[in-house]
Amino acid sequence: MTALIHPTAVIHPSAELHPTVEVGAYAVIGEQVAIGARSTVGAHAVIEGPTVIGVDNRIFPGAAIGLEPQDLKYRGGSSWVKIGDGNTIREYVTVNRATDSGEVTAIGNENLLMAYVHVAHNCEIANGVVIANNVALAGHVCIEEKATIGGMLGIHQFVRIGRLAMVGGMSRVDRDVPPFMLVEGNPARVRALNTIGIQRHGLNDREIAELKQAFRLLYRSNLSLETALEKLAQGYGMAPLVHLHEFLHQSSTETGRRGPVPAARH
């Protein structure tokens, strides 16, 4: 073993670790695991395969990645976990493999998963996502880029969280969260436009103005969602508005989708 791997770590001979990978005490890395350059694996972490982890990832003590899905439909198929680059995966995070052979639980790049986050089978997390402590994602949850999820909450299976959305802590999320919106509550409801979040991530003044108009149309006009979307389509402008329309249209019409979170009552 190299100086970067603690002598008490247990690493399967077929695991592929870049020479710059650091592995802490009593960590266990199983068969069919590949870990890229400059990544670190903390003490007592467990990584099973098939799992592919990219470069510059920090995996903290006690994390469990690539174990079998907690799904009664699982029949032992060769499913995967794929994790990109530059992620921080804190203490006791669990990331389960997908359910069926060839399927993937996927995490992109530059995400922060705080302690005790659970990522269930077939979830997809894009890039730049922040998930706070004690959040549980059920199976097939999809989180788009740069969304922020507050702590101590659960997200129902097959729910989709939109780009630059923010979910308040201790919410119950059982429907799709529209992009750029701030939702909170039990059950979760759209409360406002996530203005601070979209400003911090570089949307320009025109894009923000269009999203403010869209928010008023969708959630303050008393129009039905169908009618509001028709009016929204007539005023297409910048890309964020197009994405918001497409997200809401798909959420409300596609088979298998749970429908979007509605507005809070005022």
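Q: How many disulfides does the structure hold?
A: Zero disulfides are found in the structure. Cys123 is in none, and its nearest cysteine sulfur, that of Cys142, is 9.0 Å away. This is a predicted model, in which local features need pLDDT of at least 70, side-chain atom pairs count only at pLDDT 80 or more, and totals for chains, interfaces and linings use all residues. Residues are numbered from 1 along each chain as its sequence is written, and side-chain values use heavy atoms, leaving out hydrogens and water.

Q: Why is the sulfur of Cys142 too far from that of Cys123 for a bond?
A: A disulfide is a pair of cysteine sulfur atoms within 2.5 Å. The closest cysteine sulfur to that of Cys142 is in Cys123, at 9.0 Å, so the pair is too far apart for a bond.

Q: What makes Cys123 buried or exposed?
A: Its relative accessible area is 1%. Buried means under 20%, exposed over 50%, and partly exposed in between (1.4 Å probe, protein chains only). Cys123 is therefore buried.

Q: Why is Cys142 called partly exposed?
A: Its relative accessible area is 23%, so Cys142 falls in the partly exposed class.

Q: How do you know that strand 17 and strand 20 pair?
A: Helices (H or I, at least four residues) and strands (E, at least two) are DSSP runs, numbered from the N terminus. Two strands pair if DSSP finds at least two bridges between them. Strand 17 (residues 124-125) and strand 20 (residues 142-143) have two bridges, in the parallel sense. Glu124 stands opposite Cys142 in strand 20.

Q: In what order do the eight strands form an open sheet?
A: The order is 2-5-8-11-14-17-20-23, with parallel pairing. Strand 2 (16-17) and strand 23 are the edge strands, as each pairs on one side only.

Q: What joins strand 26 to strand 27?
A: A hairpin joins them through two residues. Strand 26 and strand 27 (residues 188-193) pair in the antiparallel sense over five bridges. Gly185 has Ala188 in strand 27 as its bridge partner.

Q: Which residues of helix 4 are buried?
A: Pro240, Leu241, Leu244, His245, Phe247, Leu248 and Ser251 are buried. They cover an arc of only 165 degrees around the axis, so they are on the same side of helix 4. The arc is that of the directions from the helix axis to the C-beta atoms. Their cover includes strand 23 (160-161), strand 26 (181-185), helix 2 (205-219) and helix 3 (225-234).

Q: Why is Ser39 called buried?
A: Its relative accessible area is 0%, so Ser39 counts as buried. Ser39 is in the loop between strand 5 (33-35) and strand 6 (40-41).

Q: What does the side chain of Ser39 reach at 3.3 Å?
A: It reaches the backbone oxygen of Gly36. A polar atom of the Ser39 side chain also lies 3.0 Å from the backbone oxygen of Gly54.

Q: Why does Ile89 count as buried?
A: Its relative accessibility is 1%, so Ile89 is buried. Ile89 is in strand 12 (residues 88-89). Contact means heavy atoms within 4.5 Å. Not counting residues up to four places away in sequence, Ile89 touches Arg58, Ile59, Phe60, Ala63, Ile65, Ile83 and Leu113.

Note on methods:
A polar contact is a pair of N or O atoms within 3.5 Å; within protein, one must be able to donate a hydrogen and the other to accept it, and residues adjacent in sequence count only if both atoms are side-chain atoms.
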